Amino acid sequence: MNTHSLQTRLLHNDQKFDPQTGAVSVPIQQSSTFHQQDFDTPGDYDYSRSGNPTRTALEETIAGLENGTKGFAFASGMAAISTAFMLLSKGDHIVITKDVYGGTFRMIHDVLHRFGIDHTFVDMTDLHEVATAIKPNTKLLYIETPSNPTLEITDISAVAKLAKANNCLTFVDNTFMTPALQRPLDLGADLVLHSATKFIAGHSDVVAGLAVTNRKDVAEALSFLQNSFGSILGAHDCWLVLRGLKTLHCRITQSSQSAAKVAEALSSHPLVEHVYYPGFRCHPGNSTHTYQSDGYGAVLSFRLRDEEAVRQFTKAVEIPVYAVSLGAVESILSYPARMSHASMPKEERAKRGITDGLLRLSVGLEKPEDLIADFSQALNQIERTAEVRRVSI
Ligand SMILES: *Cc1c(COP(=O)(O)O)cnc(C)c1O
């Protein structure tokens, strides 16, 4: 087992070079099928839905980084999450965090429900509420921490303990943290899920999903489901994710440092009603997050007065792209009420603090002082309209 730190293992792992040619970039095996010498001794690969060498390279790499035993690569984060839900059966019940990713909400609420899989949304930061929601048929506790987009923190090991005591599985969507900052399997989770579209690939050029477990039974069941559903990641996209992974540590470290500066600057501006950022000492989840993670990440949210203020601000801001998604080299500003959480009814959004004034920012690799100056001038555009005094942040 490679004992180096994660930062080093991103580069020096089993995929360091191709044993056949010495190539230091994993070969892209763009082949759907594989010649079989004879039918008594099939090779390692037969058909690329079941397995492909480039995908294996990615699956082994992510398994190692999450300290798991088996990794899986899927066509998207939602493909990974949806396939993992298929570990459940009709009649089962899920306890899930109320401020879950919008696509996961839609899957649970509009799809699994039709197949007789029931759910209860809870405030996962409240262990008592989690414990109370567990029923005799509960099979899964589903965590997202920090949550999206209000950055609430769930105590992973406490929830995993509760799950074990009740014979349930624990899944953690680790998209916001990546294994560079948080390793849920070490904290007792059974399955880690990722939208690799975000920080892991990191360049806004591929849609991908990953899953990792350290349990043999879960690995076998998920292998079967991955092959049955077939929502696998193609060889070329696997290569893009592998390339993104090499710079994961330095990207997320730099972006996280900048996010701390931006959060601080935004919180001192009078037109910003609230900044959601787990790195603030006054954040209710700060001590839990500090205990279970190696950093506060590069995503923060902030609340302006209303939709009109958001409209004026987003019109004036120059640097970040205004888009869905996060975790890229460029800063991405998004409007959850109309983007990631648009599929959630307004009253459900309100319960989760996703107001019409809430913006989410994923900080990229730009110079933080440039971002701060840009946000300052954009906030001042709102102020002029509202005839509030100008301030610089
Ligand atoms: C984007 C995202 C997903 C879904 O991933 P896709 O790659 O878009 O399918 C799931 N969870 C979180 C936290 C995300 O940000």
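## Exercises on cores and a loop glycine

In this predicted model, isoleucine 200 is in contact with Ile62, Thr178, Pro179, His194, Leu210, Val241, Gly244, Leu245, Leu248 and Arg251, leaving aside residues up to four places away in sequence. Let's start from there.

**Exercise 1.** Find which residues have the most contacts inside the largest nonpolar core, and work out where that core's residues come from.

*Solution.* 
- Step 1: Look at the core itself. The largest nonpolar core has 39 residues, and those with the most contacts inside it are Leu58, Phe199, Ile200, Leu210, Leu233, Val241 and Leu245.
- Step 2: Turn to the elements. Two or more residues each are given to this core by α2 (53–65), α7 (178–181), β7 (209–213), α9 (235–246) and α10 (248–267). The largest share, six residues, is that of α9.
- Step 3: Check the domains. Domain 1 (6–245) and domain 2 (248–392) each supply at least three residues to this core.
- Step 4: Look for another core. A second, separate one has 30 residues, including Val272, Leu361, Leu371 and Ile382.

**Exercise 2.** Locate glycine 353 and decide why it is classed as buried, partly exposed or exposed.

*Solution.* 
- Step 1: Find the place. Glycine 353 sits in the loop that joins α13 (346–351) to β12 (358–362).
- Step 2: Apply the cut-offs. Buried means under 20% relative accessible area and exposed means over 50%. Glycine 353 has 21%, so it is partly exposed.
- Step 3: List the neighbours. Not counting residues up to four places away in sequence, glycine 353 touches Thr150, Tyr276 and Leu358.

How values were computed:
Residues numbered from 1 in each chain as written. Predicted model: local features only at pLDDT ≥ 70, side-chain atom pairs only at ≥ 80, totals over all residues. Heavy atoms only, no water. Core = buried A, V, L, I, M, F, W, Y, C linked by side-chain atoms within 4.5 Å. Buried < 20%, exposed > 50% of the residue type's maximum accessible area, 1.4 Å probe, protein only. Helix = DSSP H or I, 4+ residues; strand = E, 2+ residues; numbered from the N terminus. Domains from an automatic or database assignment. Contact = heavy atoms within 4.5 Å.
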